[in-house]
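I opened this model to look up a few backbone and side-chain details. My entries are set down below.

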Amino acid sequence: LHFSPLSQATKMDFLVGIQGVDFVLLASDCSQARSIVVMKRDMDKSVEISPNTLMLTSGPLGDTVNFGEYIQKNLKLNSFRNEGELSPWASANYVRHQLSTALRSRGAYQVNLLLGGYGDDKDGEASPQLYYMDHLAAFARVPYAAQGYGGFFTLSIMDKHYKENMTLEEATALMQRCIEEVRKRFLAQMPKFFVRVVDKDGIRTLDDM
């Protein structure tokens, strides 16, 4: 089997997530580009896969839309069949399984993603959870994460300033710091970011950054 490397254009997307005391804060840039052309500046790269779980995707537009809708609709069907929603831990494992299965076929998805939610973890305890996954189905639960070239500029900032049990105000300030650094240092323009928070009350949208 031959796996083509992820294109440089794919890494131009920037996703970032921070886990707080009782929430997960997620942000994605709104730019959609192909080659040297920016197609739009209001692209929503998030997929709501359950009332308390949100997935951010980056990669070629066809793969991200196709994979995002596939996951969203299958988890919705599962909720109808079983009369209940999956936990973020179960949803993350399902997403990882689908990436892994596709990787071993001729229809591999070139999709990197972050998945954040609030609910039961693998030990059955309700908590905020943030998961990192790449197109090769690598999978890890992390306190903070970034996808794309923007991660080269922001992971060191989060390494230094992240602390456990951050409040929403502290996490938002750290997120703003990361976004400002990318705007200052990265060659691609990212004028707008969609920001969402996931907690026990569900998913809500914060002011754009």
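This is a predicted model: local features need pLDDT of at least 70, side-chain atom pairs count only at pLDDT 80 or more; totals for chains, interfaces and linings use all residues.

**Cysteines.** I looked for disulfides first, taking a pair of cysteine sulfur atoms within 2.5 Å as the criterion. By this rule I count zero disulfides. Cys-30 is in no disulfide, and its nearest cysteine sulfur, that of Cys-178, lies 16 Å away. I checked Cys-178 as well: its closest cysteine sulfur is in Cys-30, and 16 Å is too far for a bond. I then looked up accessibility. Cys-30 is buried, because its relative accessibility is 1%. Cys-178 is also buried, with a relative accessible area of 0%.

**Positive phi.** I noted that most residues other than glycine have a negative phi. Glu-83 is not a glycine, yet its phi is positive, about 55°. I placed Glu-83 in the loop between helix H1 (61–82) and H2. With a relative accessible area of 75%, Glu-83 is exposed.

Asn-165 is another residue other than glycine with a positive phi, near 60°. I found Asn-165 in the loop between helix H3 (151–161) and helix H4 (168–185). Asn-165 counts as exposed because its relative accessible area is 53%, and the cut-off for exposed is over 50%.

**Thr-101.** I located Thr-101 in helix H2, which spans residues 88–103.

Key:
Residues are numbered from 1 along each chain as its sequence is written. Side-chain values use heavy atoms; hydrogens and water are left out. Helices (H or I, at least four residues) and strands (E, at least two) are DSSP runs, numbered from the N terminus. Buried means under 20% relative accessible area, exposed over 50%, partly exposed in between (1.4 Å probe, protein chains only).
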